[in-house]
Amino acid sequence: MNFPAQQGSRNIAGVSLITALFLFPGAFAEGVDFEKEIKPFLEKKCLGCHNPNIAKGDVILAGAGHVFAEGSELIVRGDALKSDLYLVATPAEPGEIPEMPEEGDALTDAEAALLKTWIDEGAVWPDELVLHEASKSDKSWWAYQPLSDSPHQSIDAFIEAGLRKEGLAMNPPADRRVLIRRATYDLTGLPPTQEDVTAFVNDSDPDAYPKLIDRLLASPRYGERWGRHWLDVVRFGESKGYERNVIIDNAWPFRDYVIDSINDDKPFDQFIREHVAGDVFGAGDPEVEIGSAFLVGGPYDDVGNKDVVAAAQIRANTLDEIISATGEAFLGMTIGCARCHDHKFDPISHRDYYSLYATFSGVRHNSRPLASPEATAAREAALKPLNAEKVSLAATLKKLEGQLNKRVRSKLPDYEKRWVRPKVSRTLTEETFAPVRARFVRLVSEALDTNPNNAAGFRIDEFEIFSSGENPRNVALLSNGATATGAARSIEDFPGAYGPQLAIDGKLGARFVSTGTDLTIELPEVTEIDRVVFSSGRNEETFVHGKFAFVADYRIEVSDDGKKWREVAHGRDRKPVSASHEMVRLRRGEATREETDAIQLAKSNLAAVDRKIAAVPALPSVWLGTRSKADAKGPFHIFLGGSPQKKGERVVAASLSTLSEVAPLYELAPEADEAARRSALADWIVDEKNPLSLRVLANRIWHYHFGTGIVETPNDFGYMGGRPSHPELLDFLARRLQENGWKLKPMHREVMLSKAYQQSSTWNDAAGKVDGESRLLWRFPPRRLSAEEIRDTVLAVSGQLDLKMGGPGFRLYKFMQDNVCTYEPLDEHGPETYRRAVYHQNARASVVDLMTEFDQADCSFSTPKRSETTTPLQALTLLNHQFTMDMAKGLAAAIGKRGGNPVTSAFELAYQRAPAAEELAQSEKVINEHGIEAFCRALLNSSELIYLD
């Protein structure tokens, strides 16, 4: 519908046209330029409600095709006073509020005058000109500018300049014990040993501290610590998430790749390219290809919805996750906000988003073999003769079965005369027989309707046994004392979920899922019966679904004692349920001994070859994702409102227009293959003229060293993110990163050798009133250890830490799987779990005692910075969990091995210092009264253990 029409003479925004022309004398001299003068205020004030995605009141102002549609009176060319747009956007009388916009600022007098003149002049609107809602920021935003030239040549010069403006100065240097603890935790996530601290404190070499930094950077523990940071950013998890949340047991090679790459100081531009397209330019090299596991490292909905619309939405959600993760990790951009419309706050267009959609369209979540060409060739050579033998044996078996099938098919007319009753029905099958007294009744499956060659695995939602006589009743009800037995599917977290009791509970819906061939019912007492009724999908509209698998052939048997059985009914005289069932029956009745033996021998030979094939070691299978040519084929469209069912303009893989004024652009042809699209994006992200990726990476390094980035929102450099506290310093660091070939270790050295990093964390009331959060770095910000550091520290000081690197991770939960998965926290953590926490197999939405309480990252999303909460549960868990008890024993043992005063040894192990006199006296009292283990338990719960100055 159109806006409500308003007729009559009108003033222009409260003033007369004569007055408007007087006030704005040059506005209309040469005609109104729509693009320069009308388009900006329509985008700013009207398009928020009247764009193709929202279309409030069914009005769209995005393009000429919408505005001048047949029958529309939105704009009547040549007459503003008959145009709905003008009438609702200007007041009817001076001083009144116009009807539109409903929210936000109304048109100014000048804008109203321009709008009227433009309409009266004929409302020229170029067909190719499309309006887009203006974002809060544009391409002039600070983050999208080229890197600035540096006014200073050192980190400290920038920091000191910022402090001087506020009348502040840096703290004095930290003492050497504090400094080595700070640096060691910072680079390795572990405490230094007392021996390391003593040696450093007493080292008079002026280069002692730089040498310490170099030693820590050379440690393999460095890659584990900083690898954990990066795994947070790229939302690495080892389960699929969503409702099924199936565990992924072969994602760990990506974790090892990250740790190894960081230890090797791999240039980060190369590292990023490997994440986006490592499988393209590193094809055949597993150490490079594995980088592209980043693309499928996030949560993935594998429910497999059969509804076409729902499946398309799930697919769109999957690609959205990849797009968002890419934008946040490498560019600090919230690109996902442009999924349904142009970004509301940043200059990221709807088209930009769907250009990336086209780029990643071929990515599918899956495992695939990852091996070198040599390993692949060796395996193929080993399999070649075995596969040839298998083909030959399969042909022999097919020939034998074909000959038998042809012979027995001639007997079909004779059998059809015997098959006089209707075939079994999943919704209700009934058998009647002469009255018989029995205590036990059983259903014996002879063939399944889903696979007549197999008898095990049927389902029963209800099995009813009726007494004979004038008033028959179901005597097989659980509620009346009957019991049911039979091998059933079992799951740990829900015992009995598929048990035989479901067949006699008098309810439909849940069903017995057999893993055997029998269902036996024991009646409360010997009863005369003459009928049974059973089903697997009673009252179900979709009973053809595989979950209702039913018996195709069966027999009903009765017994007095459950040992001696006699048959009272069967289904062998029913019509077959399928052609394959028909053939199974014919072969069962007509095959000779010789034919059966020959077929069985052929099957045995084939099985033997299959075992040999299975014995050939498989290539490593890794959660790396596969590439779908069909998905990547296109054409691709903008989805209006984010809905795959509402396709807009076509798009192709292209660079983001956001950086069009500073970074080179690319736009690939529609026929460009999937590999070329991702390669182009990877190269564009790390292009030397792209300032954003460098700024984002430099900021992350600063964030992890000081606890807060120069931009406090590491994943969002846009309008809704934080503003840089030291913008020139950020650009200086970005340039230094570029000059050092995108390597991190030189940046670590430069940061950690600065006075800003080496200063003390002592609080100063006066400075705190000016800068309470220490954003200007007048002191070093103290911090609590992360969840992983706390656990690793407890293991290390207790002498229990296993420094084994790489390979499959350990679990601090019990994993249970059915249709959905359950992760139950372990009450006891055995020695097999005493590795560094980075090697824990982190499942999404799982709770891990101690780790979860201390704010372990939620790997369902990118976690650019850790939360740091304080809750009672933290203290309770750290005090009472069996893990702490075990570590207290370990610490007590370690103290005993060191000898000397146990309190001194304990303090040196835990805090790398000697106890003060008061601490010594109090600790000895605790040991005397409560024992060494109680003292160790208290030590492991102390604030000093988990806080760092």
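A few ground rules come first: residues are counted from 1 along each chain as its sequence is written, and side-chain values rest on heavy atoms, with hydrogens and water left out. As the model is a prediction, local features need pLDDT of at least 70 and side-chain atom pairs count only at pLDDT 80 or more, while totals for chains, interfaces and linings use all residues.

The chain is split into domain 1 (10-134), domain 2 (155-228 + 690-695 + 716-770), domain 3 (267-369 + 626-685), domain 4 (420-575) and domain 5 (882-948); such bounds come from an automatic or database domain assignment. Between the C-alpha centres of domain 1 and domain 4 there is a distance of 75 Å.

A lining residue has an atom within 4 Å of a point. Grid points are joined across faces, edges and corners, and a volume is the space filled by probe spheres set on the points.

The largest pocket comes out at about 980 Å³. It is lined by 34 residues, and Leu 131, His 132, Glu 133, Asp 342 and Ser 349 are the closest to its centre. Because domain 1 and domain 3 both give residues to this lining, the largest pocket lies between them. Helix H2 (34-45), helix H15 (350-359) and strand E14 (647-651) each put in at least two residues, and H15 has the largest share with three. (Helices, H or I with at least four residues, and strands, E with at least two, are DSSP runs numbered from the N terminus.) Sorted by class, the lining of the pocket holds eleven nonpolar, 13 polar and ten charged residues. Here Ala, Val, Leu, Ile, Met, Phe, Trp, Tyr, Cys and Pro count as nonpolar, Asp, Glu, Lys and Arg as charged, and the others, Gly among them, as polar.

Now for the helix pairs. Axes are lines fitted to C-alpha atoms, for helices over the stretch in contact, and angles run from 0 to 180 degrees between N-to-C directions. The axes of helix H16 (residues 373-409) and helix H19 (residues 593-615) come within 9 Å and cross at roughly 160°. That angle makes H16 roughly antiparallel to H19 (the label for angles over 145 degrees, with roughly parallel kept for those under 35, roughly perpendicular for 65 to 115 and oblique for the rest). Helix H7 (residues 176-188) and helix H9 (residues 208-218) have axes that come within 10 Å and cross at roughly 25°, so H7 is roughly parallel to H9.

The peptide bond between Met 100 and Pro 101 is cis, with omega about -5°, and Pro 101 sits in the loop between helix H4 (84-89) and helix H5 (109-120). Another cis bond runs from Gly 634 to Pro 635, with omega near 0°.

Notes:
1 Å grid on protein atoms, 1.4 Å probe; cavity = no way out; pocket = protein on both sides within 12 Å on 5 of 7 lines; lining within 4 Å.
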